[in-house]
Amino acid sequence: MTSVVDSLLNLFSFTGLDNSILLILVLHIPALSIFLVMVVNATVAVYVERKVAAFMQDRLGPMEVGLFGFKGGKKFWGGIGQTIADAIKLLTKEDIVPDSADKKLMLLAPFIIFIGAFLTFIAVPFSQNLVVSDFNIGVFYIMAMSSVGVIGIIIAGWSSNNKWSLYGSMRAAAQIVSYEIPIGLSLLLAVLVVGSLNLGDIVQWQAENRWFIFHSPFTFIAFFIFFISVVAETNRTPFDIPEAESELVAGWMTEYSGFKWAIFFLSEYANMMIVSIVASVVFLGGWLSPFAIINVGIPNSWMIFDGPLIGIIWLMSKALFLIFVMMWFRWTFPRLRVDQLMYLCWKVFIPFCLANLFFVSIWELIGGLFFK
Amino acid sequence: MGEYINNIIYGVKSLITGMSLTLKHFRNKKNLVATLQYPHEKWPIPERNIGFDPSEYNTIRSRLHVDIDDCIGCLQCERACPVDCIKIDTIKPSKGNEFDCGITSNDTRKKMIVPRFTIDMSECMYCDLCVHPCPEECIYMVGGPNDSKHEIDYEFSQFERHGLVFEFATATDQDIIDIGAESYLEKRKQREQKLTRAEKLEGMLISEGAVPVAAAPVAAAPVAAAPVAAAPVAAVSIDFNIKSIDFIKDKEVRGIAKKAFMGAKRAKLEGVAMIDFIIAELDKASKLDVDTKSTLEGFKEGKA
């Protein structure tokens with residue numbers, strides 16, 4: 001598996017520049033692409049989320065704003081330009097900073113959160129060979145970088161000098177730190193079985209054997225623990241106690257408006273995308289076609305569906321489905337109380353994760369004894 | 001331990017139940033959607049009894065309507081209206097003018113044309129008093145007994161307040177000219193201009209430029225300053241506003257400077273001329289020190 005940066009370095013090697021200089025020049029291309037992916041993802045996801053919410057509640061959602069005069073049908077495409085109008089509104093809004101806020105930190109916080117999401121994208125593969133940089137420790141790197149956001153959240157809550165914000169950020173920190181443990185333990189199963197932290201290797205193992213979710217009953221449970229935990233990690237309903245509207249106005253985002261708030265929003269939806277892609281790559285076969293679920297009795301000719309180019313479609317459809325499921329969660333379940341949230345993490349998920357770890361190890365051991 | 005496991009099983013079951021319920025609504029959206037896209041679609045008028053018998057007829061759900069073809073311009077309704085919400089203008093053909101004003105549906109030959117027949121429904125109080133004097137029965141409340149003439153309106157909502165002033169007259173400008181009343185057109189034009197001007201003064205209309213009334217007398221004052229100010233403004237575009245004065249630390253001096261700024265603004269001074277004016281005012285109050293002066297002079301070069 002090669003990475004985008006490597007390919008670009010090869011492509012531009014004819015210029016004869018020193019590799020370190022070329023790298024700095026070339027890096028702008030994936031950086032801009034990631035930013036573009038984040039922006040497009042947020043724009044589309046916000047619109048889809050509003051429509052999904054509306055349909056689940058027997059409403060129609062945005063229906064008035066068209067796009068360049070196009071104002072689609074009566075159902076899904078009705079208000080297709082709404083998000084763009086909202087984005088323009090957000091970017092032209094006044095940037096309000098409270099008098100008693102810590103102004104420097106308040107400015108810093110959105111960028112820390114944004115950088116957390118942005119850096120995570122470096123190791124997130126979109127298809128075979130379509131990853132900005134192919135780390136040997138991809139899983140570990142993603143875990144580490146997605147934790148950077150917590151610092152931004154605490155800074156945002158503290159610098160706003162507002163009790164709602166502070167409560168929100170404290171809750172967010174407690175929640176995210178707690179839920180990182182089940183996430184890490186669930187990903188550890190894949191690492192344990194495959195013997196590599198490289199996401200490419202994990203997918204390669206699934207191509208040779210089967211989707212990791214079907215590896216054993218324990219990994220099946222692990223997938224659901226992982227998915228519910230990442231919903232909590234991204235602060236989405238039903239785990240949205242950090243920004244619980246009915247209790248804390250908007251939690252740690254209360255004092256933010258305009259462009260800074262737009263950055264929070266961008267990062268939130270980027271995080272959704274990241275965790276969905278990671279879940280797809282580790283548990284659902286990444287860029288492999290659904291025919292590779294069990295790898296038994298499939299004619300070889302069907303494997304044309306498993307190219308690197310078509311892989312991006314498979315991976316994105318899996319990830320988008322998971323994003324849809326997150327929206328589905330959001331409009332179905334009521335918010336958990338703080339104690340329920342902690343109960344779920346520490347008393348349900350973590351024991352189950354530890355048991356999973358134990359049993360998967362046994363499974364591998366026995367499998368190794370009997371099937372080799 | 002048993003309760004712990006049972007709780008988890010119960011939890012998973014209820015999650016699945018909840019999610020299948022929302023999925024059902026998500027997929028059946030066509031049948032279940034409750035939203036009505038109001039300005040585009042409307043519910044049918046409810047078929048309840050709004051008093052079709054004249055004695056029960058509830059005019060408050062109705063609206064005045066005029067069949068202008070039948071109107072002979074007798075002004076009876078205008079006189080009857082207690083709140084003066086009906087305004088009618090009429091023009092008689094001058095002697096020797098053979099203009100045909102038309103015939104009403106009661107075979108009455110009309111003697112004049114009606115170039116204006118407005119009803120301000122925001123003022124109308126639904127007293128029905130204008131309806132009865134009409135000799136041609138051309139003004140009436142819609143719906144109820146008059147349902148055959150004009151069915152009841154769905155609603156009275158309009159996007160703007162002006163929308164509630166209904167104009168029923170259909171006489172064209174050509175008709176008015178044919179009948180020999182160019183002076184009426186002239187008068188109407190003047191009246192409209194007067195109205196627009198008044199609205200601009202009240203700030204109800206946002207005009208494209210300066211207020212036309214105010215422009216004339218003020219224009220003379222800044223003529224002297226304008227050529228001086230215009231050249232440097234075009235060259236460096238001085239960034240100088242009332243916040244620029246905040247660099248002055250002493251409250252008293254700052255107050256005088258701000259007062260001078262507003263004075264200069266009122267006299268339509270701009271850029272360099274304005275700064276000169278402020279310096280002069282400060283000098284007059286003998287509050288001008290070297291630092292303040294040099295900073296203010298600095299603004300002239302365009303450094304903020």
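In what order do the elements of chain A run from the N terminus on? They run α-α-α-α-α-α-α-α-α-α-α-α-α-α. Here are some notes to read beside the model, which is a predicted one.

1. **Chain A overall.** The secondary structure of this chain comes to 14 helices and 0 strands. Chain A has 372 residues, and 41% of them are buried. If you look at its contacts with a separation of 6 or more, 75% are between residues 24 or more positions apart.

2. **Chain B overall.** Here you will find both kinds of element, with 10 helices and 5 strands. Of the 304 residues in chain B, buried ones make up 17%. Among its contacts with a separation of 6 or more, residues 24 or more positions apart account for 69%.

3. **Where the chains touch.** The contact between the two chains involves 12 residues of chain A and 12 residues of chain B. On the chain A side, helix α3 (residues 28–56) gives the most, with 3 residues. That side of chain A divides into 9 nonpolar, 1 polar and 2 charged residues, which may be handy if you plan to look at the interface by residue class.

4. **The largest nonpolar core.** This core has 93 residues, and those with the most contacts inside it are I274(A), V278(A), A279(A) and V282(A). Helix α12 (residues 258–283) of chain A supplies the largest share of the core, 15 residues. What does I274(A) touch, leaving aside residues up to four places away in sequence? Its partners are A117(A), T120(A), F121(A), V124(A) and S146(A).

5. **A helix pair in chain A.** Two packed helices are described by the angle between their axes and the distance between the axes. For helix α5 (residues 103–120) and helix α6 (residues 138–146) of chain A, the axes come within 8 Å and cross at roughly 170°. Angles over 145 degrees count as roughly antiparallel, so α5(A) is roughly antiparallel to α6(A). On the α5(A) side the contact is made by G116(A), L119(A) and T120(A), and on the α6(A) side by I142(A), M145(A) and S146(A). By class, the residues of this contact are 3 nonpolar, 3 polar and no charged. Two of these names have come up already: T120(A) and S146(A) are both among the residues that I274(A) touches.

6. **A cis peptide bond.** Have a look at the step from T237(A) to P238(A): the peptide bond there is cis, with omega near 5°. Where does P238(A) lie? It is in the loop between α10 (217–233) and α11 (245–248) of chain A.

7. **Positive phi in chain A.** N161(A) is a residue other than glycine, yet its phi has a positive value, near 55°. This residue is found in the loop between α7 (148–159) and α8 (163–194) of chain A. Is N161(A) buried or partly exposed? It has 16 other C-beta atoms within 10 Å, so it is partly exposed.

8. **Positive phi in chain B.** D128(B), also a residue other than glycine, has a positive phi near 75°. Its place is the loop between β3 (113–120) and β4 (139–141) of chain B. D128(B) counts as partly exposed because it has 14 C-beta neighbours inside 10 Å.

Conventions:
Residues numbered from 1 in each chain as written. Chains lettered and ligands numbered in written order. Predicted model: local features only at pLDDT ≥ 70, side-chain atom pairs only at ≥ 80, totals over all residues. Helix = DSSP H or I, 4+ residues; strand = E, 2+ residues; numbered from the N terminus. Buried ≥ 20, exposed ≤ 12 C-beta atoms within 10 Å, placed from the backbone. Contact = placed C-beta atoms within 7 Å. Nonpolar A, V, L, I, M, F, W, Y, C, P; charged D, E, K, R; others polar. Core = buried A, V, L, I, M, F, W, Y, C linked by C-beta atoms within 7 Å. Axes fitted to C-alpha atoms, helices over the stretch in contact; angles between N-to-C directions. Parallel < 35°, antiparallel > 145°, perpendicular 65-115°, else oblique.
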